[in-house]
Amino acid sequence: MPSSRECAHRCALLMKHQAAASYVLVGVQFVCMGAILFSGPWFARHVVYFTLELSGSLLVLWAILAMRVTKVNVFPDVKAGSRLVTNGPYQWIRHPMYTALLMIMLALVCESFSYWRGFWWVLLAADLVAKLWYEEKLLGEVFDDYEAYRLRTWRLIPWIF
């Protein structure tokens, strides 16, 4: 296992070369979220959609608690001094915050569906999948035990993907 100094050095090198891709991925993510949020209701009223939205919100909170609030980062880049989180929802899903975001936004799109809102959700899903592939590449370069973790967990949805 590499020392924290070695991880910090690897992170610093990676961050210099990949900042542009990170900004594009996060930018697309926020544009999609904004388009969904500002084109319809922010809270689902139908019981099924409300349950989906609430479940996604609880998953976000659980993931943040497992990661620690101070370590949350919207960018896929691995910060210097990071640790690989494998507890909480991360013991089953490698990207529970992406899963939660997709659940919440899907509930809102379904609550007040339009093809335009559906388009933004599909674009958000594609962006988050691209972002997680990119993030997994970076995590694999920084953490030696990432491959073993990757093999025993699911990306977004247990038993499916």
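Confidence in this predicted model is lowest in helix α1 (residues 4–37), with a mean pLDDT of 79. It is highest in α3, at 97. Across the chain, pLDDT averages 90, and 89% of the residues score at least 70. Where pLDDT is low, the predicted coordinates should not be read in detail.

**Overall build**

- The chain has 5 helices and 0 strands.
- Along the sequence, the pattern reads α-α-α-α-α.
- The chain holds 161 residues, and 42% of them count as buried.
- Among contacts with a separation of 6 or more, 79% are made by residues 24 or more positions apart.
- The accessible surface of the chain is about 9,300 Å². Carbon and sulfur atoms account for 70% of that surface.

**Helices α3 and α4**

- Two packed helices are described by the angle between their axes and the distance between the axes.
- Helix α3 covers residues 96–111, and helix α4 covers residues 115–142.
- They pack at an angle of about 175°, and their axes lie 10 Å apart.
- Angles over 145 degrees count as roughly antiparallel, so α3 and α4 are roughly antiparallel to each other.
- On the α3 side, the contact is made by Tyr98, Leu101, Leu102, Met105, Leu106, Leu108 and Val109.
- On the α4 side, the contact is made by Arg117, Gly118, Trp121, Leu124, Ala125, Leu128, Lys131, Leu132 and Glu135.
- By class, this contact of α3 with α4 has 12 nonpolar, 1 polar and 3 charged residues.

**Val78, in a loop**

- Val78 sits in the loop between α2 (47–67) and α3.
- Its relative accessibility is 9%. Buried means under 20%, so Val78 counts as buried.
- Val78 and Leu139 are 61 residues apart along the chain. Their C-alpha atoms are separated by 6.7 Å.

- Trp159 is found in the segment after α5 (146–151).
- Its relative accessibility is 73%. Exposed means over 50%, so Trp159 counts as exposed.
- Most residues other than glycine have a negative phi.
- Trp159 has a positive phi, near 70°, and is a residue other than glycine.

Note on methods:
Residues numbered from 1 in each chain as written. Predicted model: local features only at pLDDT ≥ 70, side-chain atom pairs only at ≥ 80, totals over all residues. Heavy atoms only, no water. Axes fitted to C-alpha atoms, helices over the stretch in contact; angles between N-to-C directions. Helix = DSSP H or I, 4+ residues; strand = E, 2+ residues; numbered from the N terminus. Parallel < 35°, antiparallel > 145°, perpendicular 65-115°, else oblique. Contact = heavy atoms within 4.5 Å. Nonpolar A, V, L, I, M, F, W, Y, C, P; charged D, E, K, R; others polar. Buried < 20%, exposed > 50% of the residue type's maximum accessible area, 1.4 Å probe, protein only. Areas by Shrake-Rupley, 256 points an atom, 1.4 Å probe, with all protein chains shown as cover. pLDDT = per-residue confidence, 0-100.
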